[in-house]
Amino acid sequence: QLPLVESGGGLVQPGGSLRLSCSVSGFSLDQYAIGWFRQPPGKEREAVSCISSPDEDGPTRYANSVKGRFRIARDKYTVYLQMDSLTPDDTAVYYCAAAFLSVCNDNDYSGEGMEYWGAGTLVTVSS
């Protein structure tokens, strides 16, 4: 098991920023591709971004709807999602997920290839 924990969600005004974090206490995530997914109210889950395992040197991916506004980054223990220029359409529960020694391929990016999931953190963009 990999007990992923997301943090950093909350209420923000349109145009504002938030930074989400995904980590496992005291555990390196270097061997995992990490994806961020979100589920808006009443809608299906969708991929937001994915960063490959550094050991595998794969791509970083972004959904078209967040390109230029969101940025994914990682250090040894945490994967971050910097979210800028937020709009009400970004309101959702955000989940991080992990796939061992993976490269954010289509199967990972769909969510099907992700092996471990966090419980999610709520992001609400509203004035």
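Biologist: What is the relative accessible area of Lys-76, and is this residue buried, partly exposed or exposed?

Modeller: This is a predicted model in which local features need pLDDT of at least 70, side-chain atom pairs count only at pLDDT 80 or more, and totals for chains, interfaces and linings use all residues. Residues are numbered from 1 along each chain as its sequence is written, and side-chain values use heavy atoms, with hydrogens and water left out. A residue is buried under 20% relative accessible area, exposed over 50% and partly exposed in between, with a 1.4 Å probe and protein chains only. Lys-76 has a relative accessible area of 41%, so the residue is partly exposed.

Biologist: How many salt bridges does the count come to?

Modeller: Side chains of opposite charge can pair when their charged atoms come close. The rule requires a side-chain nitrogen of Lys or Arg within 4 Å of a carboxyl oxygen of Asp or Glu. By this rule, the number of salt bridges is five.

Biologist: How many residues apart are Lys-76 and Asp-30?

Modeller: The side chains of Lys-76 and Asp-30 meet in a salt bridge, at 3.7 Å from N to O. Strands (E, at least two residues) and helices (H or I, at least four) are DSSP runs numbered from the N terminus. Lys-76 lies in the loop between β7 (70-74) and β8 (78-83) and Asp-30 in the loop between β3 (18-23) and β4, so that the pair links distant parts of the chain, at a separation of 46 residues.

Biologist: Which residues are linked with Asp-90 in a network of salt bridges?

Modeller: Asp-90 and Arg-38 meet through their side chains in a salt bridge of 2.9 Å, N to O. This pair joins distant parts of the chain, with Asp-90 in the loop between β8 and β9 (92-100) and Arg-38 in strand β4, 52 residues apart. Both residues count as buried, Asp-90 at 1% relative accessibility and Arg-38 at 4%. The residues linked in a network with Asp-90 are Arg-38, Glu-46 and Arg-69.

Biologist: Over which ring does the charged end of Arg-61 sit?

Modeller: Arg-61 forms a salt bridge with Asp-106, with the closest N and O atoms 3.0 Å apart. Asp-106 belongs to helix α1 (residues 106-110) and Arg-61 to strand β6 (residues 60-62), 45 residues apart. A charge sits over a ring if NZ of Lys or CZ of Arg is within 6 Å of the ring centre and within 35 degrees of the ring normal. The charged end of Arg-61, 4.3 Å from the ring centre, sits over the ring of Tyr-109.

Biologist: How many aromatic pairs does the count come to?

Modeller: Rings of Phe, Tyr and Trp (its six-membered ring) pair if their centres lie within 6.5 Å; planes under 30 degrees apart count as stacked, over 60 as edge-to-face and the rest as tilted. By this rule, the number of aromatic pairs is four.

Biologist: Why is the pair of Phe-37 and Trp-117 tilted, and which strand holds Trp-117?

Modeller: The ring centres are 4.9 Å apart and the planes stand at 50°, so the pair of Phe-37 and Trp-117 is tilted.

Biologist: Which charged residue sits over the ring of Phe-37?

Modeller: Phe-37 is buried, with a relative accessible area of 1%. At 5.6 Å from the centre of the Phe-37 ring sits the charged end of Arg-45.
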